Amino acid sequence: MSPRHIWAMTRKEIHHILRDRMAFFLVIISPVLMLVLMSYALAVDIQHVPVVVLDHDRSALSRAFIQSITAGDDIDLIAHVSSMDEIEALLMRGTIKAGIVISPAFTNDLLSFRGIPIQIIIDGTEPSSGGFAAEHIGLRTEEFINASLASQFQTSDLNIDSIQPIDLRIRTWFNPSMKSEVSVIPGLVSMVMGFPALSVAMTLAREREHGTMEQLMATPISRLDLLIGKMIPYAIIGMINVFLLTLVAMALFSVPFNGSFLLFFALSIIFLFAILALGIVIGVFVHTQPAAVGLSFLVIFFPGFFLTGIFFPIVAMPEIARLEALFLPGTPYAVITRGVFLTGVGLDVLWPHAVMLVFLWLVFTVCAALFFKKKLG
Amino acid sequence: MDRPDSIIHTRELRREFKHTVALDSLDLDVKYGELFGLVGPDGAGKTTCLRLLAGLLNITSGSVEVLGFDLGADSEAVKPHIGYMAQLFSLYGELSVRENLVFFADLFNVEAHIFPQRMARLLEFAGLTEFTNRRAAHLSGGMQKKLALACTLIHQPQILLLDEPTTGVDPVSRREFWDILTDLHMEGTTIVVSTPYMDEADRCSRIGLMYAGRMPVCESPQRIRDQIEGELIELQPEDWRGAGSLLESQAGVLEIQTYGESLHLLVDNAELRLPQIQTSLHANGLSFRSIRTAPATMEQAFISFIRQIEA
């Protein structure tokens, strides 16, 4: 270990990052840009779903029902139609995402407690909008039944308290408005933090491309000093990124931060060293920068997106995917980011994930030290 | 047999790659203070040889000792004492001339109080003083090579290993670069340099001619030239194809090499053959602009050796 050698590498790398505009953009700007872009793109809150109604009942009650389910911004009633064929045609053209059919017996059945005969036809080619519409209509229907039954009881001799109307209350914790950005952004933070690893893989490949790696190998610098010197600047930049991303998440997307900043930053440093070591392992195996980018996406970003449980629950994955997820530093880190942002839990809950991070850090560092040789060919 | 006066000492040195033997049983001894040139066609093993001497490649078999360090056992210990310049070496373009020098001074543990004067001397030496703060990427190709040399000299290595340092450099810069090497040689630095240029090989104190991973010839330039069989006649015919095919079968002509529009004829005895060739050309109606005897150059010697080996 020579502090002078490490500092020489670090200083050179910082000069490179600050003076090469492309490198600067890649390591400092792109993680924040990625987070913002993806947050907007993945904000899957659906509003203004176009629907039509085929009302066979045409009663005051059915009109009230239609009004109640289409109130607000979630569902837009674009027309009343007069046949099933029209609904089918509109669905096929993609003009509407759902059609609501109200049976002629609507008023009768409702008032005689026989449930409400309505049919919802959904465009299954886009399940998220259709499913949202169905769910929304279901909820509103329950509300409507409760409300109309209540008023019915008031006008009848029966005592309202003797029959309990349906009482279904769903309460969502931690993200009360169920805004998807809020749940997704902390996970995205863990994913875009893969960028420092990409950068470190690229900088190793770059030294090879330019022949400077051969030159470095001919100097007395030790392998470890070389790798440490290269990792330090990207670890620092990674911490700046963590800070910027937290700021953007809180300021731009109103994501709450309920946990401890100190814990978050401490665990972020461990994550950074783990992912940087992985980046070095990648950099050892590639000889060109394009290959470094390609392999980083294959090893860090795609699995980071699909396997770390940000969007798709790990428990629902097949065995092999779960095994791969286990070895991604992003998996425990995604749990940690969500934990400190949303639930505000501390190390008492997050410790298994912190231990996993440390473990992966050691594994990848050992791999990097084993694979990186001061020899050519 | 170990010779105490040799600074580089290899025995049966062999390096294989997946499908080729890049270096095959090389026995090389370079003495202190030599300016040793490695020449040979592309792919002959020059780069592999230099990389092995710099401890950058694992040895397949045999031994290599540099400055008394056995590189097969430990390739790191020797590194503070050698200066190696890779063929591809292009420096760190975003760093200035000074920053590049500082970087390598740090890696080679050059003491801080020595560095300023050494840097000044090297910059002066390389003619780069006025470009101290210019980024390396903005230097000309020749200046980049000189900066690279300055970087490999920053720790005053005892041995310089240079892999085709002047390839792709203009003739003036090439000459300047070699003037620097000659100065270093005079100061006592041992230099091993590979080169594709025969005029550069001529400036070495000894030349190793490499071919297919071996070094069949290892002599001083003068002795290599002397070893060429026969003497040289330079002929400038009007029709060099016709003249070439006619003279190929002439008695006394050992070899014909083509240089542009002139033919270089290696003959057993120039004095005897000159009139004979003139007569023969006249008799076949082949005119020529000039014909004369000439001393053999390195290039002719090189081509001649390669042909002998290939034949």
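Domain bounds in this text come from an automatic or database domain assignment. For chain B the assignment gives domain 1 (6–225) and domain 2 (229–295), and the C-alpha centres of these two domains of chain B lie 40 Å apart. The model is predicted: local features need pLDDT of at least 70, side-chain atom pairs count only at pLDDT 80 or more, and totals for chains, interfaces and linings use all residues. Residues are numbered from 1 along each chain as its sequence is written, while chains are lettered from A and ligands numbered from 1 in the order in which they are written.

Taken along the principal axes, the C-alpha atoms of chain B fill a box of roughly 75 × 45 × 35 Å. Chain B has ten helices and 14 strands; helices (H or I, at least four residues) and strands (E, at least two) are DSSP runs, numbered from the N terminus. Of the 311 residues in chain B, 42% are buried. A residue is called buried if 20 or more other C-beta atoms lie within 10 Å of its own, exposed if 12 or fewer, and partly exposed in between, with C-beta atoms placed from the backbone. Two residues are in contact if their C-beta atoms, placed from the backbone, lie within 7 Å. Among the contacts in chain B with a separation of 6 or more, 68% join residues 24 or more positions apart.

Strand β9 of chain B (residues 206–211) has two pairings to follow, where strands pair if DSSP finds at least two bridges between them. With strand β3 of chain B (residues 35–39), the pairing is parallel and runs over four bridges; B:Val39 has B:Leu209 as its bridge partner in β9(B). With strand β10 of chain B (residues 214–219), β9(B) pairs in the antiparallel sense, again over four bridges, and B:Tyr211 is bridged to B:Arg214 in β10(B). β9(B) and β10(B) form a hairpin with two residues between them, and B:Ala212 in the turn has a positive phi of about 50°.

Where the chains meet, 23 residues of chain B are in contact with 21 residues of chain A. Helix α2 of chain B (residues 97–107) supplies the largest share of the chain B side, four residues. That side divides into 14 nonpolar, three polar and six charged residues. Ala, Val, Leu, Ile, Met, Phe, Trp, Tyr, Cys and Pro count as nonpolar, Asp, Glu, Lys and Arg as charged, and the others, Gly among them, as polar.

In chain A, A:Ile336 sits in helix α14 (residues 330–343). A:Ile336 is buried because 28 other C-beta atoms lie within 10 Å. Not counting residues up to four places away in sequence, A:Ile336 touches A:Leu267, A:Leu350 and A:His353.
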